[in-house]
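Let's take a walk through a protein chain together, one stop at a time. Have the sequence and the 3D view ready, and follow along as each residue comes up.

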Amino acid sequence: MSKIRYFLFLILLCFFFGNVTAQDKSVLKNQAVLIQPPYLKAGDTVAIVAPSGILKNRDEEVERAVKLLHSFGLKTVVGKHVFKQADHFAGTDDERCEDFQNALDDPSIKAIWCARGGYGAVRILDKLDYTKFKKHPKWLIGYSDITALHNQIHNEGFQSIHALMGVSLTKDLEDIKETVATFKSTIFGKPVNYTLNGSEYNRTGEASGPLVGGNLTMLHTMLGSKTSIDTSGKILFIEEIGEYKYHIDRMLQSMKRAGYFDNCNGVLVGDMTKLRKNTTLWGTSVEQLILDALSDYDFPIAFNMPAGHEPDNRAMVLGHQITLKVSKDKTILTFDD
């Protein structure tokens, strides 16, 4: 074999195996099972922290959260800066980060329950260190703005829980009994399967994969950063509050152009709450808006998941493998063993 042919052969060999290795890594990444922190048991301690918005005059609600956890047989610690006020936020960025970091680092803390969302979690993401958390993983619990932290923990390789927060609790828990029941079941290791009301907008089909996602605005905010989620092989959950329909479309179009949905296995749509009316009406329902924005894909899309900014906010384990069976009559969501 001539030297030229030999070198051409080596180049082709390296190119071939280089591509295979990259593909294998991609497949492994997309199919990797996220680490599941230990579920809670009686006597465990939960830290209540406020990584986002201010908790002005919310003492009573935080106290309800403490009492609820105690009724489950759990212990609690409340972050020392929870009731601090720094403009829009529950303390300065450093104070909110300190509470969250302390909860991450303390091996006696088995779950971190966020008192509220609002806005602010994104401002502390790059300050957090997950070194000790990885040695003693624990559950992050929350929704809305906490999606930023769910994303980060997901990309560190761990599951988390999308569920109600401290300020979600009403004086009469009977008003949100299903929300509380699914919250309790989930944190104690019994994720709840759901049979959802059907919708004429459902795009039928069956899919499986790890469940990821959260608040649409926060998912969109993460685009282009190391905290953005790769949805390849996964089922994406989205919910939103207080947006114009054209804002929702703009976010979906932006995510679409970024390739966010290219290898997604399915989409689960939660509450789209308190949508604002523009002077120029959008012209279709928000369900149709979502279908139109995702019309280039053939994965199933299910509506009517009771999760988001409504009182009925059912708990879900993000990063857990699920199976989604979608028909016009109903959707069955199963957390696989």
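In helix α9, the buried residues are Val286, Leu289, Ile290, Leu291 and Ala293. What lies over them? The cover includes helix α8 and the strands β9 (266-273) and β10 (301-302). Keep in mind as you look that this is a predicted model.

Take Val286 as a guide to this region. Val286 belongs to α9, which runs over residues 286-293. Its relative accessible area is 9%, so Val286 counts as buried, the cut-off being under 20%. Setting aside residues up to four places away in sequence, Val286 touches Lys245, Ile248, Met272 and Leu275. From Val286 to Lys274 there are 12 residues in sequence and 12 Å in space, taken between the C-alpha atoms.

Lys274 deserves a stop of its own. You will find Lys274 in the loop between β9 and α9. Is Lys274 buried or exposed? With a relative accessibility of 66%, Lys274 counts as exposed, because the cut-off for that label is over 50%. The backbone of Lys274 has a phi near 50°, which is a positive value in a residue other than glycine.

Ser144 also has a positive phi, of about 60°, although Ser144 is not a glycine. This serine sits in the loop between β4 (139-142) and α5 (147-155). Ser144 has a relative accessible area of 11%, so Ser144 is buried.

Now return to Lys274 and meet one of the residues that it contacts, Glu243. Glu243 is in the loop between β8 (235-241) and α8 (245-257). Apart from neighbours within four places in sequence, Glu243 is in contact with Thr217, Ile248, Met251, Lys274, Leu275 and Arg276. Ile248 and Leu275 are also touched by Val286.

Other charged residues do find partners. Side chains of opposite charge can pair when their charged atoms come close. How many salt bridges are there in the whole structure? A search finds 12.

One of them joins the side chains of Glu61 and Arg58, with 2.6 Å from N to O. Glu61 has 15% relative accessibility and so counts as buried, whereas Arg58, at 23%, counts as partly exposed.

Glu95 forms a salt bridge as well, with Lys84, and here the closest N and O atoms are 3.2 Å apart. Glu95 lies in helix α3 (residues 93-105), while Lys84 lies in the loop between β2 (75-78) and α3, so the pair ties together parts that are 11 residues apart in sequence. Lys84 counts as partly exposed, at 33% relative accessibility.

Stay in α3 for another pair. The side chains of Arg96 and Asp93 meet in a salt bridge of 3.0 Å, N to O. Because Arg96 and Asp93 are three residues apart in helix α3, about one helical turn separates them. Both of these residues are buried. A network of salt bridges links Asp93 and Arg96 with Arg123.

Where is Ser52? Look in the loop between β1 (45-49) and α2 (59-71). At 0% relative accessibility, Ser52 counts as buried. Ser52 and Val122 are 70 residues apart in sequence, yet their C-alpha atoms are 8.4 Å apart in space.

Finally, zoom out to the whole chain. There are nine helices and 13 strands. A compact globule of 337 residues would have a radius of gyration near 20 Å, and the value for this chain, 21 Å, agrees with that. Of those 337 residues, 52% count as buried. Among contacts with a separation of 6 or more, 79% come from residues 24 or more positions apart. The chain carries 39 positive and 40 negative side chains, and the centres of the two sets lie 4 Å apart.

Notes:
Residues numbered from 1 in each chain as written. Predicted model: local features only at pLDDT ≥ 70, side-chain atom pairs only at ≥ 80, totals over all residues. Heavy atoms only, no water. Helix = DSSP H or I, 4+ residues; strand = E, 2+ residues; numbered from the N terminus. Rg over C-alpha atoms; globule rule 2.2 N^0.38 Å. Buried < 20%, exposed > 50% of the residue type's maximum accessible area, 1.4 Å probe, protein only. Contact = heavy atoms within 4.5 Å. Lys, Arg positive; Asp, Glu negative; His and termini not counted. Charge placed at Lys NZ, Arg CZ, Asp CG, Glu CD. Salt bridge = Lys/Arg side-chain N within 4 Å of Asp/Glu carboxyl O.
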